[in-house]
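Visitor: I'd like to learn how to read a protein model. Could you walk me through a few features?

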Amino acid sequence: MQGSTEVPCTKEAADQQQVIVVTTGVGGGGGGSCGGCVPSSTKPNDVGVDEKLRHTGSNRQASIEMGEYNGVRYAGIDEAPPSPRAEKSRKVSLIPLVFLIFYEVSGGPFGVEDSVGAAGPLLALVGFLVFPFIWSVPEALITAEMGTMFPENGGYVVWVSAALGEYWGFQQGWMKWLSGVIDNALYPVLFLDYFKSVVPLVGHGYPRTLAVLILTGILTFMNYRGLTIVGWAAVLLGVVSILPFVVMGLLAIPRMEPSRWLVVDLHNVKWGLYLNTLFWNLNYWDSISTLAGEVENPKKTLPKALFFALIFVVAAYFFPLLAGTGAIPLDRNQWSDGYFADVAKIIGGTWLCWWIQGAAAMSNMGMFVAEMSSDSFQLLGMAERGMLPELFAKRSRHGTPLIGILFSASGVILLSWLSFEEIIAAENFLYCFGMILEFIAFVVLRIKQPAVSRPYKIPLGTIGAILICIPPTLLICVVLALASVKVMVISLIAVAIGLVMHPALKYCEKKRWLKFSVSSTLPDLQADVHENTRSLVP
C-alpha cells in the first residue's frame, strides 16, 4: 500500500512552481524531499491533482518547458539531491566523464588485434572507421537525447519504463545489468593474463584465484570511496594506457609501408570473429546514462562528453592499427589478443613491450571501475523507481550505492571462471536484447511524446528517428545469428529468469516481505505511460 502526506501550499504557489505531484512507495524512503510545494503522492481523488490536471490538460501538446516531462517538472540533479549522503558526493565534470565513457566503450586498442587476424589489415582499418557510423554514432546520439530527457541514475531502464511500462523497464535493467557484470568479469582475468609474464605464479591454480579476489576487492573499494575518485582515476589510467601507443606510432613512422594497409583476401575472412570483435570493441555507449544523476549539469555535459569520447575511441583504435600493420610484415596467424606487445617489441624494443603490457593491465583496471560504477548506479536508479527493494537505494557515507556495488562485485567473482570467448559471446547476446528494447523505447517516445522537452534532440523527425535505428538493428540480428547453441541456451535461461523475477518481487511487495519505495524527487512516469502508450504486458 502507498501512503499519502501533503505539504501545505497554496494553489497559486503550485501554479507558479508548475510542479506535478509524484508517487512515493511503502515507508516513504528512497530519497530526500522535494522543494517547493510538492505533495508526496498522486491519489486520483486529491484536489491538488485534479487542479493540476485541469491546468495542464488543455496544453498537453504545447511546447513543454525545459526540465519537465509531459507537464512533470524534474526535481533536477542540482535542485534536489536524493539524500543528504548524495549531497556530499561530488558530481562528475566533463573531462572525467569523457574518460569514463572511454573506459565503458574501449579502454584502448587492447583486443582489436583479432580483427586483423580474421580479415586482414584493410578490412580491419575500414571496419574501425565505418562500423562507428553503423553502430556507435546512432547509439551515442540516442543516449545523448534520452539521457538528457531523463537525467537520473536509472538511465535506459527509465527510458524503457516511460515508453513500454515498468515490466519491460525491469527486463531492460535485468538484461543490461547482467551483461555488464559478465563483461566486468573479463577484466581481472585479462589483467592477470598480462601480469603473468612478470609473475608466472598468478597464471593458474589457487594463486590465480586468490589474485582475482584481491584485485576485485581493491577495484571495488575504489568504487565504494566515491565516483569522483573513479572519474579522475579514469583520466590518469587513460593517459597511461594511450601514451605508449603514441610513442609506438612515432617510432613506427620510418618503417611505414602504405601498401601493407591494402592487403585483403575476401575468400579468407572469418566473418564471425571479425564482426564480433568490432561489436565488442565499439558498444556500451548507453552505459554512461546510468550515471546521469552523478554528472554536473547532465543536460549539457553528457552530449559534449559523448561527442569527444566518440572521437577519442575511434582514434585510439585506428592509429595503433595503422602503425602496427604498416610497420611490420603481415602474418595474420600472429594477430590475436595481446599481439600489440610483440609489435611494440619489434618496433621499439623490450622496454616498449613492457610498457604496452603495463598499459594493458592498467586499461583493464580502468574498464573494471567504469563498468562497476555504471552497473551499481543502475541498481540504485531502479530502486529509486521502486523496481528493486529499498535497500538498493541506500548510499554509503561517500554517496555511492553500497548494496549495488556489493552485488556487482559478487557477480564478477562468480563469473570469473568463464573463458574469454564464453564471456564475450554471452555478454553480446544479452546486450543485443537490451538494445532492441532501447531502440523501441526511443521510437515510441518520439511518436507518443513529441512535445516533451529534450535538452539535446537528434535533428531528425519521426521518420529519421526510425531510420537511424535500422542499421544497428540489422547488425544485432547478425550477432544473434552467429551465437553458438550453448550461448543461446544459457542466455535465454537468463532472460526467462528476468521475466518471472519482476512478478515475484511485486508479490513480495504485496505481502510486505520486502520494502519498496519511489523517490519523491522523480516524476511519475506510469501515469503518462497508461495515458499515452498501450502496455505490452497482459
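**Rings, helices and a buried loop residue**

Guide: Let's start with Phe 221, which counts as partly exposed because its relative accessibility is 46%. Keep in mind that this is a predicted model.

Visitor: Which residue pairs its ring with Phe 221, and how do I describe such a pair?

Guide: The general idea is that a pair of aromatic rings is described by the distance of the centres and the angle of the planes. Here the rings of Phe 221 and Tyr 224 have centres 6.0 Å apart and planes at 35 degrees, so the pair is tilted. Both residues sit in helix α10 (residues 205-225), three residues apart, about one turn of the helix. Tyr 224 is partly exposed too, with a relative accessible area of 22%.

Visitor: How many aromatic pairs are there?

Guide: The count comes to 23 aromatic pairs. Take Tyr 156 and Trp 159: their ring centres are 6.3 Å apart and their planes stand at 90 degrees, so this pair is edge-to-face. These two also lie three residues apart, in helix α7, and both are buried. Elsewhere, Phe 110, Phe 245, Trp 335, Tyr 339 and Phe 340 form one aromatic cluster.

Visitor: Okay, on to helices. How do I read two that pack together?

Guide: Two packed helices are described by the angle between their axes and the distance between the axes. The crossing is right-handed.

Visitor: Which residues of α7 meet α8?

Guide: From α7 you have Tyr 156, Val 157, Val 160, Ser 161 and Leu 164. Their partners in α8 include Trp 168, Gln 172 and Lys 176. By class, this contact has five nonpolar, four polar and two charged residues.

Visitor: At what angle do α4 and α15 pack?

Guide: Helix α4 (residues 94-105) and helix α15 (residues 350-384) pack at about 100 degrees, with axes 8 Å apart. They are therefore roughly perpendicular to each other. Leu 100, Tyr 103 and Glu 104 of α4 meet residues of α15, among them Met 367 and Glu 371.

Visitor: What about a loop residue: is Asn 283 buried or exposed?

Guide: Asn 283 is in the loop between α12 (271-281) and α13 (298-327). Its relative accessible area is 1%, so Asn 283 is buried. Beyond its neighbours within four places in sequence, Asn 283 is in contact with residues including Glu 104, Trp 135 and Tyr 431.

Technical notes. Residues numbered from 1 in each chain as written. Predicted model: local features only at pLDDT ≥ 70, side-chain atom pairs only at ≥ 80, totals over all residues. Heavy atoms only, no water. Left-handed = near helix turned anticlockwise from the far one by under 90°. Helix = DSSP H or I, 4+ residues; strand = E, 2+ residues; numbered from the N terminus. Contact = heavy atoms within 4.5 Å. Nonpolar A, V, L, I, M, F, W, Y, C, P; charged D, E, K, R; others polar. Axes fitted to C-alpha atoms, helices over the stretch in contact; angles between N-to-C directions. Parallel < 35°, antiparallel > 145°, perpendicular 65-115°, else oblique. Buried < 20%, exposed > 50% of the residue type's maximum accessible area, 1.4 Å probe, protein only. Phe/Tyr/Trp six-rings, centres within 6.5 Å; stacked < 30°, edge-to-face > 60°.
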